[in-house]
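Visitor: Hi, could you walk me through this one? I'd like to go residue by residue where we can.

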Amino acid sequence: MVRPRTNIGKCIVNGCDKDAEKEMMCSKHYSRKWKYGNENFISINERYKDTDKCLVIGCNNKPDAQKLCPKHYHNFMYHKRKGNLETISEYLKKKTGDN
Ligand SMILES: [Zn+2]
Ligand SMILES: [Zn+2]
C-alpha cells in the first residue's frame, strides 16, 4: 500500500501548532521523541527559564531552594543523602522517567 500524499496537518503534541513533518509531529517534537522517548518531554534547559514554577514536570508549586518547591527539594535531598543521585538535573531526569 502506498500512503496517500495528503497534507498531514498540525503536530499532535498538545499546545503545539507547528506543521507536522514526521509521524504527525513537528521536527522539534519528533527529535525529542527520539532523544527522550517522550514527545511531551520538556527539556530541563527550557524548564529553567520558567522561574515561577518548581522544576519538576507537572508540579505547579512555587519554587524555593534551587528552583524546586520545598516538597521536591526535600525529596531531592533525601535521594542525595541516600546516594541515589548527585545533581538536581539527575533528580529531574529520574522524575521524568517515572511518568
Ligand atoms: Zn510540535
Ligand atoms: Zn515541586
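Visitor: Where is the place of glutamate 21?
Guide: Glutamate 21 sits in the segment before H1. Keep in mind that this is a predicted model.

Visitor: Is glutamate 21 buried, exposed or partly exposed?
Guide: Glutamate 21 is partly exposed, because 14 other C-beta atoms lie within 10 Å.

Visitor: Which residues is glutamate 21 in contact with, leaving aside neighbours within four places in sequence?
Guide: Those contacts are Cys26, Ser27 and Tyr30.

Visitor: And how far apart in space are glutamate 21 and lysine 10?
Guide: They are 8.5 Å apart, C-alpha to C-alpha. In sequence, 11 residues separate their positions.

Visitor: Moving on a bit. What is the phi of glutamate 23?
Guide: Its phi is positive, about 45°, although glutamate 23 is not a glycine. Glutamate 23 also lies in the segment before H1, the helix that covers 27-36.

Visitor: Why does glutamate 23 count as exposed?
Guide: Because glutamate 23 has 12 C-beta neighbours inside 10 Å. A residue with 12 or fewer is called exposed.

Visitor: What about phi of methionine 24?
Guide: Methionine 24 has a positive phi too, near 65°, and is a residue other than glycine. Its place is in the segment before H1. Methionine 24 is partly exposed, with 15 other C-beta atoms within 10 Å.

Visitor: Let's zoom out. How many helices and strands does the chain have?
Guide: There are 4 helices and 0 strands. Along the sequence, the pattern reads α-α-α-α.

Visitor: Where is confidence lowest, and where is it highest?
Guide: The lowest is in helix H2, residues 44-49, with a mean of 51. The highest is in H3, at 94. For the chain, the mean pLDDT is 78, and 73% of residues reach 70 or more.

Visitor: Then tell me about H3. How many residues has it?
Guide: Helix H3 has 13 residues, 70-82. From first C-alpha to last, H3 reaches 18 Å, close to the 18 Å expected at 1.5 Å a residue.

Visitor: Which residues in H3 are buried?
Guide: His72, Tyr73 and Phe76 are buried in H3. Seen down the axis of H3, the buried residues fall within an arc of 105°, so they line one face of the helix.

Visitor: New topic. Which residues make up the largest nonpolar core?
Guide: This core has 9 residues in all: Cys54, Leu55, Val56, Leu68, Tyr73, Phe76, Ile88, Tyr91 and Leu92. H3 and helix H4, which covers 88-98, are the elements that give two or more residues to the core. H4 provides the largest share, 3 residues.

Visitor: Which residues is phenylalanine 76 in contact with, beyond neighbours within four places in sequence?
Guide: Leu68, Ile88 and Tyr91 are its contacts.

Visitor: Last one. What share of the chain do buried residues make up?
Guide: Buried residues make up 15% of the 99 residues.

Technical notes: Residues numbered from 1 in each chain as written. Chains lettered and ligands numbered in written order. Predicted model: local features only at pLDDT ≥ 70, side-chain atom pairs only at ≥ 80, totals over all residues. Buried ≥ 20, exposed ≤ 12 C-beta atoms within 10 Å, placed from the backbone. Expected span 1.5 Å × (residues − 1). Arc of directions from axis to C-beta. Core = buried A, V, L, I, M, F, W, Y, C linked by C-beta atoms within 7 Å. Contact = placed C-beta atoms within 7 Å. pLDDT = per-residue confidence, 0-100.
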